[in-house]
Amino acid sequence: MNKLIKQFEKYQSTFEKISRNIYLQAIKDGFLNVMPVILFSSIFLLLANIPEVIATGLGIDFALPQTLTDWFNKIYEYTMGIVGLMVAGTTAKNLAGSMNRKMPAGKTIGETSVMLASVSGFLLLAVSKTNVGNFEAINMDTHGLLSAFVSAFLTVNVFRFCIKHDITISLPKEVPGTISQNFRDIFAFSFSVLGCAFIDILARLVFSVPFADILTRLFAPLFGGVESYLGMGIVWFLVALFWFVGVHGPSVVKPAITAALIGNTAENLELFQAGERPFHFEFTHFT
């Protein structure tokens, strides 16, 4: 046992570096920023579905008026339905904040600009249009979380490159700071969004589906394994292991599986609405 402990302690510094990784931190903080939306949305999901479930369990014939149920569901869908969109922006903002601490003096990544660019890139990577020109919302929710991370990481790194190498439009000092910052970000914004557009074109030409669908299929076996008994056993073992060596376990493990666990919430809702038993392991179980 002592030999095993010594082996773990040898890699403690490596574990600490992983826990401080700015990309993992950006994912974690990005989700924390949208957590109020998820909690608010969940309240209306419960209001729309739980009263009838409780009444049925008590043997009472009761149902909310359909107009009220539709209103509750509308609030849920209009908030939880764009979680992927929001995570793209919040993850980019948090990653930009971490990178700004290492930027040369006088050079800063504009957090507002990077959020807007990341959201624009996410729409290109994840969302398609119908024949009548409307957005298909399926990948704007939890189904598009992986694309949100891709957009955020690509966008922030493009901004960092452009700003560090002065690929900007400089205006006279007399120009107000906000306006000057917007002009400085034009090239970075353009290059990052065009980068996502190029990925989107390539995905649709080769696979005839949005980039988000490719990521979903690619990581499906991994996400499926996360909620198996063996997979969850490994997850909890790793959390305890990192705690044992003095590192905050969830900071290392949780960001890697958050997308799967958040996505399971939507999957469980679909099962519940179809009259089946929700069985997926959810984000709320892993704290």
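## Overall fold

Helices here are DSSP runs of H or I with at least four residues, and strands are runs of E with at least two, numbered from the N terminus. By that count, the protein chain in this predicted model has twelve helices and zero strands.

The protein chain has 287 residues, and 42% of them count as buried. Its accessible surface is about 16100 Å², with 66% belonging to carbon and sulfur atoms. Among contacts between residues at least 6 apart in sequence, 71% join residues at least 24 apart.

## The nonpolar cores

Let's look inside. The largest nonpolar core holds 28 residues, and F31, I38, V83, V87, F122 and F149 have the most contacts inside it. At least two residues of this core come from each of α3 (22-57), α4 (66-80), α5 (83-100), α6 (111-126), α7 (145-164), α9 (186-207) and α10 (211-226). The largest share, six residues, is supplied by α3.

## A look at α6

With 16 residues, α6 reaches 22 Å from its first C-alpha to its last, close to the 22 Å expected at 1.5 Å a residue. Its buried residues are S113, V114, A117, S118, G121, F122, L125 and A126. An α-helix has 3.6 residues a turn, so residues three or four places apart point the same way.

Methods: Residues are numbered from 1 along each chain as its sequence is written. This is a predicted model: local features need pLDDT of at least 70, side-chain atom pairs count only at pLDDT 80 or more; totals for chains, interfaces and linings use all residues. Side-chain values use heavy atoms; hydrogens and water are left out. A nonpolar core is a set of buried Ala, Val, Leu, Ile, Met, Phe, Trp, Tyr and Cys residues joined through side-chain atoms within 4.5 Å. Buried means under 20% relative accessible area, exposed over 50%, partly exposed in between (1.4 Å probe, protein chains only). The expected span of a helix is 1.5 Å times one less than its number of residues. Contact means heavy atoms within 4.5 Å. Accessible areas come from the Shrake-Rupley method with a 1.4 Å probe; for residues, only the protein chains shown count as cover.
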